[in-house]
Amino acid sequence: MEQTLFFEIEHEFVQNSERVKSVDLHPTEPWILVGLYSGTISIWNYQTKTEEKSLKISEVPVRSAKFITREKWVVAATDDKIIHVYNYEKKEKIIEFEGHKDYIRSLAVHPSLPYVISASDDQVIKLWDWSNGWASHRTFEGHSHYVMQVAINPKDLDTFVSASLDGTLKIWSLDSSDPIFTLDGHLKGVNSVDYFITSDKTYLLSGSDDYTTKVWDYDSRSSVQTLEGHGNNVTSVFAHPHLPIIITASEDFTVKLWDAVTFRLQKTLNYGLERVWSIGYKEGSSLLAFGCDNGFIILKLNIQATK
């Protein structure tokens, strides 16, 4: 018998603002870090619903901003090709440096090693080592168009995946500048990627300008499912690590929730904030965040599966 998912959504916080390109939820504090198209990074307390810290770091857009919690830092990338690092308690600049030759689209913080991975429109991915003065530890080349996002494999922290407007995903080892393998199946460029881990298998999710999300079997290196339903580019994808759900966001102004077992569409959300650019998640919780053209949303998602 097929399972049915029952959703309970608690509206935690909806905040109007300038365009939000990036959201990240702090693992212990009630904070959301937002990266704004205006060149500002801001930390909001979603319990008190107030802005606690704000830093104007550039005159051009911030496309990715992440907490580095163990150092009490935020790292952010801006369209002037600069990577910025700040102490979020003291609001002090740690360092800033030119990371790429074109816009930086994505940053990923390694969960245990002192590394940040960056992806850029210059078609290159770089690994930065903050324990060695933010030296460029390795460069990864192979994409033939903008690299839109990178994500680290939670089951194998020595590997990561990249998504590119060349229409492919590439899987890499931290130890090699050449890709391990490539996945190709979308009709247009790929904007977003995430690992989708079940009890016994590893999958990948990819969101594309062809309006679809694909599910890839990591071992067989093949597409096993295509999620169709968005009416515009899929900008962000997320596989919830604890709930049986896949979440996709799009320029069609909606967020869609899919059953991670049957891959059927379960719910469509539209908060009236226009295009949705990014998805954030608070570790070990049911809190989710979405960054949009006209602000951000934080909600609590409770799901029950019944047969």
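## The largest pocket

Strand 18 makes the greatest contribution to the lining of the largest pocket, namely seven residues. Strands here are DSSP runs of E with at least two residues, and helices are runs of H or I with at least four, all numbered from the N terminus. The model is predicted, so local features need pLDDT of at least 70 and side-chain atom pairs count only at pLDDT 80 or more, while totals for chains, interfaces and linings use all residues. Residues are numbered from 1 along each chain as its sequence is written, and side-chain values use heavy atoms, with hydrogens and water left out.

The volume of the largest pocket is about 1600 Å³. Among the 50 residues that line this pocket, D24, K66, Q149, D194 and I279 are the closest to its centre. At least two lining residues come from each of strand 2 (20-25), strand 6 (62-68), strand 10 (104-109), strand 14 (147-152), strand 18 (190-197), strand 22 (234-239) and strand 26 (276-281). By class, the lining of the largest pocket comprises 26 nonpolar, 15 polar and nine charged residues. In this division Ala, Val, Leu, Ile, Met, Phe, Trp, Tyr, Cys and Pro are nonpolar, Asp, Glu, Lys and Arg are charged, and the others, Gly among them, are polar.

A pocket is an open set of points on a 1 Å grid over the protein atoms alone, with protein on both sides within 12 Å along at least five of seven lines; a cavity is a set where a 1.4 Å probe fits but cannot get out, and lining residues have an atom within 4 Å of a point. Grid points are joined across faces, edges and corners, and a volume is the space filled by probe spheres set on the points.

## Cavities

Two cavities of 30 Å³ or more are counted. The largest cavity has a volume of about 70 Å³, and its lining consists of L33, I41, S42, I43, K53, S54, L55, V74, Y88 and K91. Strand 4 (40-45) and strand 5 (50-56) are the elements that give two or more residues to this lining. Six of the lining residues are nonpolar, two polar and two charged.

The second largest cavity holds about 40 Å³ of space. Its lining is formed by F253, V255, L269, N270, Y271, G272, L273, E274, V276, C292 and I297, of which eight are nonpolar, two polar and one charged.

## The largest nonpolar core

The largest nonpolar core has 20 residues, and I247, V255, L288 and F290 have the most contacts inside it. Such a core is a set of buried Ala, Val, Leu, Ile, Met, Phe, Trp, Tyr and Cys residues joined through side-chain atoms within 4.5 Å. Buried means under 20% relative accessible area, exposed over 50%, and partly exposed in between (1.4 Å probe, protein chains only). Strand 23 (245-250), strand 24 (255-259), strand 26, strand 27 (287-292) and strand 28 (295-306) each supply at least two residues of this core, with the largest share, four residues, coming from strand 28.

Not counting residues up to four places away in sequence, L288 touches L25, F238, H240, I247, G280, Y281, I297, I298, L299 and L301. Contact means heavy atoms within 4.5 Å.

Strand 22 is largely enclosed by the rest of the structure, because six of its six residues are buried. Strand 22 and strand 23 run antiparallel and are joined by five bridges; strands pair if DSSP finds at least two bridges between them. A hairpin of five residues links strand 22 to strand 23, and V237 stands opposite T248 in strand 23.

S278 lies in strand 26 and counts as buried, at 9% relative accessibility. Leaving aside neighbours within four places in sequence, S278 is in contact with V20, K21, S22, V23, S236, A289, F290 and G291.
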